[in-house]
Amino acid sequence: MPGESIPEDELADWFETCDTNVYQCNAVLQGSSVGDAKQLIATAGYASPRDSETYGVVEDKDTSADPIRVLLSPLNSINEGDTAELPILPDAIRAEFNDEDQSYAVEHVIVYRDGMDAATAKVF
């Protein structure tokens, strides 16, 4: 990777922000990809990895105090329509977790949506 692909000043500024706010990433990664490691590190510093012309991070900044730029209301969106198709939610999911009582072996459990159980669940 050529050196000009890494914006060192930008990364140094992000490091300074992380250091000032005590954002840390402490992990032992085994069997993970480089992309997973970059995502984990960036997320710990409230950012996302950027892989484009340059490799760096995009900081996730709090913009809640900024003025509103666009506000959609019935008055300015009357002709826009609302054709969003909502997904069919499953009645249950099969969750995978590392069970501490079983020396962190991978275990599975079925988690039912409110009001559902093994007898009534139909969509998985």
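Helices (H or I, at least four residues) and strands (E, at least two) are DSSP runs, numbered from the N terminus. This is a predicted model, in which local features need pLDDT of at least 70 and side-chain atom pairs count only at pLDDT 80 or more, while totals for chains, interfaces and linings use all residues. Residues are numbered from 1 along each chain as its sequence is written, and side-chain values use heavy atoms, with hydrogens and water left out.

**Surface patches**

- Patches consist of residues with over 30% relative accessible area and no salt bridge; like charges are joined within 9 Å, and nonpolar side chains (Val, Leu, Ile, Met, Phe, Trp, Tyr) within 5 Å.
- A salt bridge is a side-chain nitrogen of Lys or Arg within 4 Å of a carboxyl oxygen of Asp or Glu.
- I93, F97, V109 and V111 make up a nonpolar surface patch, and together they have about 310 Å² of accessible area (Shrake-Rupley method, 1.4 Å probe; for residues, only the protein chains shown count as cover).
- Strand 3 (92-99) and strand 4 (105-112) each contribute at least two residues to the nonpolar patch.
- A patch of negative charge on the surface is formed by E8, D9, D13, E16 and D19 (Asp and Glu count as negative, Lys and Arg as positive; His and the chain ends are not counted).
- The place of a charge is taken as CG of Asp, CD of Glu, NZ of Lys or CZ of Arg.
- D19, a member of the negative patch, lies in helix 1 (residues 8-21).

- V109 is in strand 4 and counts as partly exposed, because its relative accessibility is 37% (buried is under 20% relative accessible area, exposed over 50%, partly exposed in between; 1.4 Å probe, protein chains only).
- E107 is also located in strand 4 and, at 30% relative accessibility, counts as partly exposed.
- Leaving aside neighbours within four places in sequence, E107 is in contact (heavy atoms within 4.5 Å) with A95, E96, F97, D99 and Q102.
- E107 and Y46 are 61 residues apart in sequence, and their C-alpha atoms are 31 Å apart.
- A92 belongs to strand 3 and counts as buried, at 4% relative accessibility.
- Not counting residues up to four places away in sequence, A92 touches I110, V111, Y112, V123 and F124.
- A92 and A121 are separated by 29 residues in sequence and by 6.8 Å in space, C-alpha to C-alpha.

**Before helix 1**

- S5 is placed in the segment before helix 1 and counts as buried, with 10% relative accessibility.
- S5 touches E53, T54 and Y55, not counting residues up to four places away in sequence.
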